[in-house]
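Welcome, and please open the structure in your viewer. We will walk through it one selection at a time.

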Amino acid sequence: MFSVDCCDARTIVGWMSEYRYFLAQRREPSLHAALKIKPLAVTGILSCPDGVLFGRRSGRSEMDAGRWELVPSGGVDDAAVGPTGQVSLERCILTELEEETGIGVSELSEHSRAVALVEDPQSHVTDVGIMLATAASAAQIQRRFAALGNREYSELEIVAPAELRAFRRNRADSLGAVSAALLDALMQPGLCSGFLGSAFDVAQDKPGA
């Protein structure tokens, strides 16, 4: 998994670590002082003609079981690293999209676009919010999801734009911290405009732990 050393609005610099170190740090937070694992993750804000996609994590999930979050989402690992050491966040989010919803890249109606960067102070996860859009309807998305064999989410919900504030308020106790922060940012007009452009880069600065 990719661990962040430093970042700004255009570049994230970090290194590859083993997932077991993050799990150890999550189970015993005091280990963060020594391990300094700050995982990089991606969260898609997937919009369709009927609204924005959310999923409720399976009760079997290692992290945030039973919580709602924006879909797709996942950690950045070595599968996203290119030959020059650059990490493709687009490749990562598109892989998560197909695995978690059954929607392929050919079904997206717009190019992916990074719009926000948030950090969960409890888990130390740094998350890049990426806008995605599809012409698929809510019913089509639900059918694709139902056909998946190994599902990370127990259910999906598509929330109409006009109902996002109410969804955020009503699910305050069951909404994942990162998704809540992304929603808060994106619901403020103009806040994310131009924050992260298409030239957003991720690079490794030292070998994995």
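Predicted model: local features only at pLDDT ≥ 70, side-chain atom pairs only at ≥ 80, totals over all residues.

Residues are numbered from 1 along each chain as its sequence is written, and side-chain values use heavy atoms, with hydrogens and water left out.

**Stop 1: the start of the chain.** Select Met-1, in the segment before strand 1 (2-7); strands (E, at least two residues) and helices (H or I, at least four) are DSSP runs, numbered from the N terminus. Is Met-1 buried or exposed? Met-1 counts as buried because its relative accessibility is 15%; buried means under 20% relative accessible area, exposed over 50%, and partly exposed in between, with a 1.4 Å probe and protein chains only. Leaving aside residues up to four places away in sequence, the contacts of Met-1 include Trp-15, Tyr-19, Phe-22, Pro-39 and Val-76; contact means heavy atoms within 4.5 Å.

**Stop 2: helix 3.** Select residues 89-101, the 13 residues of helix 3. From first C-alpha to last, helix 3 reaches 18 Å, close to the 18 Å expected at 1.5 Å a residue (1.5 Å times one less than the number of residues). Among its buried residues are Leu-89, Cys-92, Ile-93 and Glu-96. Just after helix 3, look for Gly-102, with a positive phi of about 85°.

Stop 3: Show strand 7 (residues 113-119) and strand 8 (residues 126-133), which pair in the antiparallel sense over 6 bridges; pairing takes at least two DSSP bridges. Ala-116 has Gly-129 in strand 8 as its bridge partner. In the turn of this hairpin, which has 6 residues between the strands, His-124 has a positive phi of about 65°.

**Stop 4: aromatic rings.** The whole structure holds 3 aromatic pairs. Rings of Phe, Tyr and Trp (its six-membered ring) pair if their centres lie within 6.5 Å; planes under 30 degrees apart count as stacked, over 60 as edge-to-face and the rest as tilted. Select Phe-54 and Phe-167: their centres are 4.3 Å apart and their planes at 40°, so the pair is tilted. Both are buried. Phe-54, Trp-68 and Phe-167 form one aromatic cluster.
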